[in-house]
Amino acid sequence: MLDPTQVLHDLVDISIALTAERDVDALLGRILETARRLTRAEAGTLFLREGDHLRFAVVQNDFLEARLGKLEMERRLQAAPLPLNEPSLAGHVALTGETINVGDAYAVGVQQTLAFNRTVDASNEYGTRSVFVLPVQDATGGILGVLELVNARSATGAIVPFEADDEILVRALAAQAAVAIRTSRLENLSFRDGLTELYNSRYFALRLDEEARRSARFGHPLSLVLIDLDGFGRLSESKGRAAGDDVLREASRLLVKHSRSFTILARRGADDFVAILANTPKAGAVTYAERIRGVIERHPFAQGSVTASFGVAAL
C-alpha cells in the first residue's frame with residue numbers, strides 16, 4: 001500500500017524541480033526513478049519520439065546495472081533507437097496513445113504494431129515479464145514519448161503484474177515528464193546555435209555553472225573538453241564560407257554521434273566547440289578527447305582532411 005503523504009511529497013518535489021532544473025535528462029531520470037519506486041519496478045525506460053523512431057532518453061535497470069555497471073548498461077540500451085515500423089509495446093503506445101499493462105510480455109501476440117520486441121532481452125540476457133507502458137502527451141494530445149516500466153516486484157522479490165490502481169499515479173508522472181520535455185524544447189529555440197544545432201555559448205555558460213555547483217555539492221567529478229578545428233580560417237578563405245559551414249555542420253554531427261546522450265555539446269565560437277562531461281573524471285575526459293580526435297581525423301570530409309586540437313580540464 002502506497003503512503004499518500006509520500007506520494008504527494010514526491011509529486012510536489014518534482015513540480016518544484018520543473019521550475020528550477022535545466023538538465024532535462026536529469027529531470028526525466030528523477031521522474032522515472034520515482035515512477036519505478038512507487039510501482040516497485042525493477043527497470044524502466046523513458047523514450048522520446050523523434051520522427052519515425054523512439055530514442056532511449058533515460059534507462060534504468062537494477063538487474064543489468066548490477067551485472068554490467070551503470071555506464072555499460074546505458075551504452076548498450078541507448079546504442080540504437082527503436083524504429084516505429086518494427087512491432088514493439090513502446091512503439092505501439094507511441095503510435096496509438098493507448099496504455100498497456102501486461103503480466104507477461106512474452107504472452108503478447110502479434111497484432112499489427114502490438115508485439116513484444118525481444119531484441120533487448122536477447123542481447124543482454126534479461127527476462128522481461130510484467131510491463132506497464134504509458135504515452136507521454138502534451139496538452140494537445142501529441143505524443144512526445146513513452147514511459148515504460150518493467151518487472152514489478154512483490155515484497156518477497158517475486159515478479160508480479162503492475163497494479164491497475166497505479167495508472168493514475170504514473171499518468172501524473174508522465175504528465176510531468178511531458179512538461180519537462182516541452183519546456184526543454186522551447187528553451188532549445190533560444191539556446192541552440194543556428195548553424196550546427198548544438199547548444200550556444202549562452203547555454204554553455206549556464207550549464208557549466210550549474211554542473212560546477214552540483215559537483216561541489218555532491219562531490220561528483222566534472223570535466224570539460226575544448227575542441228578547436230585546425231586551420232579552419234585558411235579553409236574558409238580558400239574554399240569559401242559555404243564550404244566552411246559544411247565542415248562545421250559535419251563536425252557537429254560527428255560530435256553528437258560519438259558522444260553519450262547526456263554529454264552537453266556547445267559551439268562557443270567560429271570553429272570552437274566544447275563538451276561538458278558530468279560525472280566524468282579527467283582520465284575519462286582524456287579518453288573521450290582522444291577518441292573524438294581520431295573520429296574527426298579519419299572522417300572523409302568533402303572539403304578534404306580536417307583535424308582538431310583538444311584541451312581537457314577537470315574539477
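I began with Arg171, which is partly exposed at 36% relative accessibility (partly exposed lies between buried, under 20% relative accessible area, and exposed, over 50%, with a 1.4 Å probe and protein chains only). Glu167 is partly exposed too, at 27%. Their side chains meet in a salt bridge, 3.0 Å from N to O (a side-chain nitrogen of Lys or Arg within 4 Å of a carboxyl oxygen of Asp or Glu). Glu167 and Arg171 sit 4 residues apart in helix H7 (residues 167-191), about one helical turn. Helices are DSSP runs of H or I with at least four residues, strands are E runs of at least two, and both are numbered from the N terminus.

A note on the source: this is a predicted model, where local features need pLDDT of at least 70, side-chain atom pairs count only at pLDDT 80 or more, and totals for chains, interfaces and linings use all residues. Residues are numbered from 1 along each chain as its sequence is written, and side-chain values use heavy atoms, leaving out hydrogens and water.

Next I looked up Glu72 and Arg75, whose side chains form a salt bridge (2.7 Å, N to O). They are 3 residues apart in helix H4 (residues 70-77). I found 16 salt bridges in the whole structure.

Is Thr128 buried or exposed? Thr128 is buried, at 6% relative accessible area. Beyond four places away in sequence, Thr128 touches residues including Tyr106, Phe116 and Val150 (contact means heavy atoms within 4.5 Å).
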